[in-house]
2 protein chains.
Amino acid sequence: MKSVGHERVSIGGFWGEVRRVSAQASLPNIYRRFSETGLFSALLCRKTDPPSHIFYDSDVGKWLEGAAYLLGEFPNAELSKRVSETVDAILASQLPCGYFNSFYQTYKPDKIFCERTEHELYCAGHLIEAAIALSEYGEGRLLPAMERYADYIYDRFFVKRDAKFVTCGHPEIELALARLYAYTGKEKYLTLAKFFLDERGKRREELYEGRVPIYDQSHLPVREQREAVGHAVRALYLYTAMADVGRIAGDRELLLAASALFRNAVSTKMYITGGMGASYDGECFAGEYELPNEYAYSETCSAIALALFCDRLYLADGADERDDVFERALYNNILAGRSWDGKSFFYTNPLEADVRHVRYAREYGDRRYQPILTRREVFDCSCCPPNLVRFFGRLGDFIYAEEDDTLFVRQYFTSEVRTERLSFKMESELPYGGKVHIRVEGKGKIVLRIPSWCDVMEIEERGAKKRSQAAPRLVFEADGVREFTLDLLPRLRFVYANERVTEDGGRKAVCYGPLVLCAEGVDNGGLLRGLALPEERGSMERQGEYLFFTLPAERIRTGGELYSFHPPVRERTTVKLIPYFLWANRGENDMQIWFL
Amino acid sequence: MKSVGHERVSIGGFWGEVRRVSAQASLPNIYRRFSETGLFSALLCRKTDPPSHIFYDSDVGKWLEGAAYLLGEFPNAELSKRVSETVDAILASQLPCGYFNSFYQTYKPDKIFCERTEHELYCAGHLIEAAIALSEYGEGRLLPAMERYADYIYDRFFVKRDAKFVTCGHPEIELALARLYAYTGKEKYLTLAKFFLDERGKRREELYEGRVPIYDQSHLPVREQREAVGHAVRALYLYTAMADVGRIAGDRELLLAASALFRNAVSTKMYITGGMGASYDGECFAGEYELPNEYAYSETCSAIALALFCDRLYLADGADERDDVFERALYNNILAGRSWDGKSFFYTNPLEADVRHVRYAREYGDRRYQPILTRREVFDCSCCPPNLVRFFGRLGDFIYAEEDDTLFVRQYFTSEVRTERLSFKMESELPYGGKVHIRVEGKGKIVLRIPSWCDVMEIEERGAKKRSQAAPRLVFEADGVREFTLDLLPRLRFVYANERVTEDGGRKAVCYGPLVLCAEGVDNGGLLRGLALPEERGSMERQGEYLFFTLPAERIRTGGELYSFHPPVRERTTVKLIPYFLWANRGENDMQIWFL
């Protein structure tokens with residue numbers, strides 16, 4: 001099975017708007033902030049004060065990649081020029097041998113390929129991905145340069161083996177090489193990807209200060225790993241590469257390990273929002289079922305990495321569960337990573353916010369970890385903003401897949417695709433409703449994934465409506481033109497957490513279709529704690545990008561004492577919920593997902 | 001009102017046993033560990049490698065104080081000799097001017113009274129308290145020496161004012177001076193105590209690195225403080241001194257501030273166990289209603305400090321609520337600070353333990369704060385063990401108070417007291433039952449506090465039983481001999497937390513009399529999360545020091561999925577609870593107080 005690549009898919013509707021904002025607000029805004037903070041000028045390899053950072057090239061790479069996906073559909077002469085200039089700078093600075101890393105060339109030329117923990121190959125990977133995307137976009141100059149760089153890495157790490165480390169402390173090169181192989185067909189890149197995967201964990205390599213090998217997944221050979229551990233983004237980029245190389249090389253053992261890691265991550269360490277990596281210490285996975293809400297780390301990049309991992313596993317085994325998880329991460333954690341106007345970003349994504357705690361810590365000098373409660377334009381470590389842009393830019397890769405004469409419809413985005421024998425077009429209300437108007441023309445088998453949140457669905461075709469229990473898939477043979485409306489009938493549904501989950505056992509969350517909902521203080525007159533939800537129903541109102549749900553609720557009141565022998569009274573009230581992805585767009589605000 | 005001092009009270013029964021173990025196990029064991037770690041030899045003021053620590057003198061002082069209270073009742077020739085030797089060492093090292101601090105004299109003689117944050121006056125305070133206790137015990141040599149030290153402090157800080165700071169970063173000297181005044185009658189010590197109280201917060205003084213003035217309660221003049229903030233032990237020692245000086249000096253403004261701070265602490269920042277200081281960062285109070293269970297700091301010393309604060313406020317205003325809080329802290333957080341055998345100690349006192357989290361963090365290199373789950377013999381900062389010993393040693397101070405011809409019975413400890421006109425004797429089943437057999441002889445008014453957990457009580461006198469709703473107090477005039485049994489009828493009662501409390505809103509704890517109960521993994525076959533308690537009843541069985549309570553319970557099960565649309569099923573089961581003070585006496589173990 002293979003993806004119907006984004007180059008053959010056009011996207012409109014909700015996700016079209018997200019992409020438009022990514023192109024017209026995020027892309028220029030990130031360019032401006034990155035310029036101001038010296039990320040682009042660092043490519044010139046001149047010393048600055050303060051010095052540049054080891055991962056600047058990766059952020060530039062992600063920005064370039066995002067620009068490549070978006071500028072075709074949303075042209076911007078100014079930004080196109082910036083892309084060209086950026087490529088110019090990289091080409092000008094690249095060493096004759098093919099090596100390019102602006103930090104090492106400027107500050108540590110004698111330490112090239114000596115320091116495992118300093119993101120060198122991680123940066124290379126992102127630049128390789130950018131080069132491929134730019135090549136598709138029509139800026140073809142970076143690709144041969146990055147191929148030369150990949151060849152140089154191949155020579156040093158695989159042929160001569162004279163680099164001072166074997167695997168990079170931050171995975172990324174592996175999946176970039178698999179992609180480069182897929183794009184160029186050059187076997188050596190697959191060989192090198194496989195080499196990096198297989199060497200990991202076979203020996204004790206240099207570690208981050210104070211960290212154990214688990215931190216960068218080098219505690220065991222990857223084929224033997226079964227528990228999602230350590231730095232979540234590192235882990236999920238690695239697993240993504242395992243799934244990719246496993247599929248491409250037909251390596252069942254690698255796929256088996258990747259599937260087991262998916263099972264562990266998704267069954268014991270995933271937030272309801274698709275968030276990954278609960279621990280703020282080192283941005284790591286915490287233990288099984290350890291999913292604190294207020295102090296969730298749940299980095300935006302790790303949810304993106306989970307989505308990439310889901311995508312690759314789906315292409316390998318076609319299991320719809322991968323796309324269910326993709327959808328969960330996409331509509332919730334990933335989308336929440338960005339303000340609705342596209343200009344500011346969350347690095348971490350808590351599932352509960354208590355403004356009093358954050359302000360108390362600020363004023364009273366309490367240095368325990370506290371989440372930020374408003375999105376920011378840029379971070380010192382600014383991986384998430386350009387990662388979102390390149391992810392939204394590439395959304396077209398994740399909607400359709402094909403195998404022989406079958407078209408798999410994986411996500412319900414308003415979009416259009418043409419394959420050799422078919423044209424498929426859908427207009428989707430998601431996430432604001434469940435209706436998907438579909439028009440197929442041509443010949444072939446169509447397989448539609450029915451999302452796991454859908455329990456009843458309705459098909460309206462030529463005036464006739466038919467309602468049925470949802471099956472996992474809707475399958476039909478197209479022959480000529482068929483037009484119908486599928487309604488996935490999203491409704492308010494309670495979700496219950498496993499009783500082992502640290503804070504959520506005995507509580508309930510509310511979902512609507514793929515959306516996890518949350519209450520914000522601004523809509524609920526302050527205190528969110530002590531709200532109980534007795535009934536799985538409520539009314540819905542749309543206002544612009546907002547959906548407001550009003551549900552009957554009970555407010556538990558104990559009468560003011562800190563501890564009391566008297567059972568609390570329950571007062572009837574209502575609670576207003578919004579989609580989690582829209583939280584914190586109206587100022588610093590309490591927020592809650594899990595209710596009594 | 002004044003306390004009937006411990007010297008006039010004898011204690012038996014449950015607390016007699018706690019005191020015996022303190023004398024026969026804790027006292028020698030702490031001596032041994034302190035000797036091994038160089039606390040006693042540091043008094044000789046010779047440089048060592050590693051060097052001694054700024055707070056060693058305070059730990060020695062607390063050990064001496066505890067020994068002074070206990071060795072009279074539990075004689076131990078060996079330990080008496082150690083006490084004499086320790087006093088010898090202090091006397092030998094004391095400077096001619098009266099100054100004594102083993103750390104400063106050895107390592108920083110040129111910095112005496114220059115560094116506000118280095119515990120100099122804190123150490124002095126503990127040595128003054130030890131000197132008073134030793135004087136009562138019959139070792140009278142330290143008191144004049146410490147008076148000379150106090151005189152020197154008075155001279156430097158109050159008369160000449162040439163010390164390089166005004167108030168000490170760690171309060172303690174204030175309450176020690178108030179006590180020294182009460183013991184010696186010398187006005188200058190009260191003047192100095194009041195001076196230190198009143199100067200605090202009037203100017204910006206040297207701060208701990210990275211800390212704000214709130215940390216050591218120097219953000220505002222103490223009379224203006226209304227919120228319990230900063231380092232909890234520092235705060236509560238300060239408030240204790242405010243109550244003490246307020247009472248002694250008849251300073252209503254100071255008492256008003258102390259009462260307001262009590263109200264804030266007890267109504268918004270107190271654990272159900274009487275624990276104080278929820279934040280592990282700096283051992284500080286967290287925000288109002290921010291009381292995490294698993295990551296509670298709740299230092300043993302801060303619960304002791306709360307008890308001292310309650311005692312002083314009670315003596316100032318006679319409000320029984322002070323003693324209710326005292327009782328809560330005593331039977332729960334304070335008593336849990338020590339293993340039942342008296343040999344090992346908790347510094348922090350979590351209200352929930354998940355062994356998996358602690359082990360995961362250990363193995364997987366997660367450096368987020370984790371509680372220790374087994375008591376230890378000693379700590380690097382070993383303030384809690386000797387603090388427990390001196391506190392248990394001095395328990396006799398907290399049982400009775402007198403005012404004119406009235407005897408106030410504050411706590412139901414098996415004990416005997418003789419005042420001028422009365423002898424009062426009680427044998428109490430507490431905490432294992434509620435019967436208190438009382439025998440009074442003589443003439444005078446008796447006021448018995450009825451604890452807040454008691455709702456129905458019974459009096460049996462000369463064969464007749466009378467049951468009644470509990471009144472706040474039981475008052476009678478003694479004239480001749482009266483003998484009766486008061487039964488406070490403790491029973492299993494649910495306690496509900498204020499809905500604002502971070503983790504406990506919608507949950508319930510179980511108490512029996514003054515005891516907070518908890519479930520341990522070892523009694524409940526593992527998983528404690530997901531246990532719901534439907535009914536406020538159960539059976540009780542005593543085995544040695546243990547009370548086992550078996551309650552009907554429901555176990556919530558979700559069927560294994562991490563998130564599910566299906567409401568969890570509830571399986572009937574039972575849960576076995578023990579007193580919280582006995583937790584972690586049977587190995588590393590899960591523990592939980594708050595249930596669904």
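Strands here, like helices, are DSSP runs numbered from the N terminus (strands: E, at least two residues; helices: H or I, at least four). I call two strands paired if DSSP finds at least two bridges between them.

**Entry: ground rules.** I am working on a predicted model, so I keep in mind that local features need pLDDT of at least 70 and side-chain atom pairs count only at pLDDT 80 or more, while totals for chains, interfaces and linings use all residues. Residues are numbered from 1 along each chain as its sequence is written, with chains lettered from A and ligands numbered from 1 in the order in which they are written.

**Entry: confidence.** I looked up pLDDT, the predictor's confidence in each residue, from 0 to 100. Chain A averages 96, and 99% of its residues score at least 70. For the complex, the predictor gives an ipTM of 0.95 and a pTM of 0.95.

**Entry: β19 of chain B.** I began with strand β19(B), residues 569-579. Strand β14 of chain B (residues 515-520) runs antiparallel to β19(B), joined by three bridges. In that strand B:Pro579 sits opposite B:Leu517. I then checked β17(B), residues 546-557, which is also antiparallel to β19(B), here with nine bridges. There I found B:Leu551 facing B:Val575 of β19(B).

**Entry: domains of chain A.** The bounds I use come from an automatic or database domain assignment. For chain A they are domain 1 (2-398), domain 2 (401-452 + 454-487) and domain 3 (493-592). I read 34 Å between the C-alpha centres of domains 2 and 3 of chain A. For contacts I take residue pairs whose C-beta atoms, placed from the backbone, lie within 7 Å. By that rule, five residues of domain 2 of chain A meet six residues of domain 3 of chain A. On the domain 2 side I get four nonpolar residues, one polar and no charged. My classes: Ala, Val, Leu, Ile, Met, Phe, Trp, Tyr, Cys and Pro are nonpolar, Asp, Glu, Lys and Arg are charged, and the others, Gly among them, are polar.

Entry: I followed β8(A), residues 435-449, through its partners. Strand β5(A), residues 406-409, runs parallel to β8(A) over four bridges, and A:Thr406 has A:Lys445 as its bridge partner. Strand β7(A), residues 422-428, is antiparallel to β8(A) with seven bridges. A:Met426 is set against A:Ile438 there, and a hairpin of six residues links β7(A) to β8(A). I also found 15 antiparallel bridges between β8(A) and β11(A), residues 473-487. A:Arg439 pairs with A:Glu483 of β11(A).

**Entry: a helix pair in chain A.** Helices α9(A), residues 232-249, and α10(A), residues 252-268, pack at about 145 degrees with axes 8 Å apart. I note that axes are lines fitted to C-alpha atoms, for helices over the stretch in contact, with angles from 0 to 180 degrees between N-to-C directions. The residues in contact include A:Tyr239 and A:Met242 of α9(A) and A:Leu254 and A:Leu261 of α10(A). By class I count nine nonpolar, one polar and one charged.

**Entry: where A meets B.** Each side gives residues to the interface: 49 from chain B and 49 from chain A. On the chain B side, the elements that give two or more residues are α10 (252-268), α13 (355-364), β12 (492-497), β17 and β18 (563-564). That side divides into 22 nonpolar, 13 polar and 14 charged residues. A:Tyr496 has B:Ser564 as its bridge partner.

Entry: Most residues other than glycine have a negative phi, and most peptide bonds are trans. Which residues are joined by a cis peptide bond in chain A? I found A:Asp49 and A:Pro50, with omega about 5 degrees. A:Pro50 is in the loop between α1 (13-36) and α2 (56-70) of chain A. In chain B, a cis bond joins B:Leu430 and B:Pro431 at an omega of about 0 degrees, and B:Pro431 lies in the loop between β7 (422-428) and β8 (435-449) of chain B. A:Phe113 belongs to the loop between α4 (102-107) and α5 (120-137) of chain A.

Technical notes:
Contact = placed C-beta atoms within 7 Å.
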